[in-house]
Amino acid sequence: MKNSIIALLTIGLVATSCKKEGCMDQNASNYNHDAQKDNGSCEYKAPSSYMFTDEAGNNTVSFGGQTERLNQLDELIAYAETGETTPISASILSDMFANTGGNGNGNFSFTSTKDLKSKCYSLDTTTIMGYFDSIALASASFASQASNGQAGILTSGTSTYLFSANGIQYSEVIEKTIMGAVFYYQMNSVYLSDSKMNVDNTTAVDPANGEYYTTMEHHFDEAFGYFGVPIDFPSNTNGIRFWGKYCNAVNSAINSNSLLMQAFLEGRYAITQNDMNTRDANRLIIQENMEKLVAANAVRYLDEGLSYFGTDQAKFLHVMSEAWAFVNIIRYSPVNTRKMTPTEVDALVGQFGTNFWNLTLNDLNAIKTTLTTTYNL
Amino acid sequence: MNKLISTILIALFLFSCKENNKDVQDYDRVPMLTNIADNIIIPNYEAMATDLNQLKASLDSLNANMTQTWLDSVKFYWYQSYSQWQYCKVFEIGPASDYALRSSMNTFPTDTTLIESNITSGSYTLGSLGNIQAIGFPALDYLLYADSDANILNRIATSANFRQYLVDVVEKMATDVNLVLTQWTNSYRNSFVASTGSASGSSTNNLYNALIFDLELIKNAKYGIPLGKDILDVARPTYVEALYSGISNHLARENMTSIEDVFLGRDLDGNDGVGFDDYLDFVGAKRGAEDLSVVIKNQFSNLETEMMSLPDPLSNALSTNYSQIDNLYFSIRTQVLYMKTDMSSALGLLIEFDSNDGD
């Protein structure tokens, strides 16, 4: 009896020692084809494009609602820009903003159950509606040449811009403010916030209807959906829009493309691995760098403003409208990571004054200094 | 061989001696429901009815005599009733929920424009949905505190519509509370106690949901919205409860005590009867190494300390002591975690209200 046990043990030991050890999980980056025994050495790496599946191979990524909202803003801005050649209506803009009747009251080329207005940072929906009134008013003067106190058109090369009487290009202000109060706010302060991240990550929402993702995965995807980039960004930059476009615009200055995309990929991958520490590290990278990206764009436009000052009034007012709107977006940053409070943003926005015709180089430099110091740009 | 068997047996025995938590279903919920109905809910509604009757009587005297003494008296009973309301609002189940008592008694911020237009026209249906922001304690807070005593007395002397509006608002409150109280004492009390299960729709589950919902209301309505927690911490000082009288923190403290009372099964005289804490102890609920009931009790005591140290009025403190109020908000959130997440899983109760805000 004793002898046979020893014999069995010996055979077992021999058999074990003969097996080649290594990582046996095909999903691991160091999967060893020859391994016969898993030795716990498997390493996992995030994929290089935004594609994630569950264990059965079902796609778990879904951000159709965000894409629809990006499409809505595209068409809303396209309509707003027609104000350069014809009077436009604030109520059409409002219908598009609220997606009245599921098709922007007939003004969208598509139907959608989503809308921009209900996802907007609540304090600023009326502000945005006010901008619709302002651009409609300015467009009534589309046939006039703009000057200090007179709404109308200014051109530079092949570009045409519509300005209000106080030199503000509202089509840019509207686009950026909605990018901020809806896309940026939803991404950073809603979907990546604790309350949307500390949710279920074990159960698929509704597999019968193709919703194979957990609530947490879906929230993270919704944040990504507002980034406006293809799933293989930044190696592919075709079709980038809104934040994707402005991320790319400052990439050379702050390396934002790979920084942000990598954080989205690794954060999402960490969720599939249920690794909350890595997820949190990456959402922090996203929140901090999205805010920095906003400030970097404001600085980029301020720099352009310094070069156009006194030489190209049309371009100057255009880039000031952009800079003003980008500074204003900082207010939508999450409480836990923001470098400026809304009160501080108010003060900085206030330095632009209410009439861009009256801006001085000192104003521009003062605003720029605050941003470059705060954001280490 | 024998040794081996005895070792195994001892091991098995030790295993079975390990703390044996009793099953949730073994708990007799009748004493808890009886205690809460008879010693907490009904006496609080009775006290509420009495306070409102006194408010009504003093208001009648004010309208008849139009003196500072009677105005003081009205304000005193308003304060008394509003404080007492904090002990009733948690019971938004059964009759109270049928009459939407919480909304009609205490929807804030109140709509001062609507109130004034009601007074001017003298024609209104206070029970209509459209007037929900023009009635209840917040309307009285505005009518009795937004102006100086001298001006209010002058208004009482000169405006019959103003006098009538005060009377109508108070009478509606008294009527609603009496309706709810009567239903409790007539029939609802018995069916409440007789529903002894803990599944969805049972008294225990309903009461538990009402308790957690009300705790979250303190967090969100009394502090979260004024702190601007939903708008990136941009404070909204005019959204506080009792904006004009400035007793917001006092009311929040009373509300928290009322939730503690239900949790402990503590009656109006402070006697600790059977409550949710005993239920948790029965099933041996733990958080870490500590009894969950003790963790929750300690958090109530932390909350009391924090709430006592908040300066009044809250509307000013939002700019002078924002972070202190913010800390309180997070302490309440911690208590929500204990009472919502830990307690529901320990007692097998279901949270039935939805705090999800969609896609």
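This is a predicted model: local features need pLDDT of at least 70, side-chain atom pairs count only at pLDDT 80 or more; totals for chains, interfaces and linings use all residues.

Tutor: Let's begin with Asn255(A), which counts as exposed because 11 other C-beta atoms lie within 10 Å. Residues are numbered from 1 along each chain as its sequence is written, and chains are lettered from A and ligands numbered from 1 in the order in which they are written.

Asn255(A) sits in the loop between α9 (251-254) and α10 (256-272) of chain A. Helices (H or I, at least four residues) and strands (E, at least two) are DSSP runs, numbered from the N terminus. The phi of Asn255(A) is positive, near 55°, although the residue is not glycine. Most residues other than glycine have a negative phi, and most peptide bonds are trans.

Met66(B) has 16 other C-beta atoms within 10 Å, so it is partly exposed.

Peptide bonds deserve a look too. In chain A, Phe233(A) and Pro234(A) are joined by a cis peptide bond with omega about 0°, and Pro234(A) lies in the loop between α7 (215-225) and α8 (243-249). In chain B, the bond from Asp312(B) to Pro313(B) is cis, with omega near -15°; Pro313(B) is in the loop between α13 (292-308) and α14 (314-320).

Now back to chain A, which has 14 helices and 4 strands. Of its 377 residues, 42% count as buried. Its strands β3 (residues 152-156) and β4 (residues 159-163) pair in the antiparallel sense over 5 bridges; two strands pair if DSSP finds at least two bridges between them. Gly152(A) has Phe163(A) in β4(A) as its bridge partner. The hairpin has 2 residues between the strands, and Gly157(A) there takes a positive phi near 60°.

Phe163(A) turns up again in the largest nonpolar core, which has 96 residues; Phe163(A) is one of those with the most contacts inside it, and so are Tyr184(A) and Phe264(A). A nonpolar core is a set of buried Ala, Val, Leu, Ile, Met, Phe, Trp, Tyr and Cys residues joined through C-beta atoms within 7 Å. Helix α5(A) gives the largest share of this core, 13 residues.

As for Phe264(A), leaving out residues up to four places away in sequence, it touches Tyr50(A), Phe224(A), Phe227(A) and Ile286(A). Two residues are in contact if their C-beta atoms, placed from the backbone, lie within 7 Å. Apart from this core lies another, of 89 residues, including Ile156(B) and Leu314(B).

That brings us to chain B, with 15 helices and 2 strands. Of its 359 residues, 39% count as buried. Gly201(B), in the loop between α9 (160-194) and α10 (203-227) of chain B, is exposed because it has 10 C-beta neighbours inside 10 Å. Gly201(B) and Leu350(B) are 149 residues apart in sequence, but their C-alpha atoms are 9.7 Å apart in space.

Finally, the two chains meet: 5 residues of chain B are in contact with 8 residues of chain A. On the side of chain B that touches chain A, 3 residues are nonpolar, none are polar and 2 are charged. Here Ala, Val, Leu, Ile, Met, Phe, Trp, Tyr, Cys and Pro count as nonpolar, Asp, Glu, Lys and Arg as charged, and the others, Gly among them, as polar.

Methods: A residue is buried if 20 or more other C-beta atoms lie within 10 Å of its own, exposed if 12 or fewer, and partly exposed in between; C-beta atoms are placed from the backbone.
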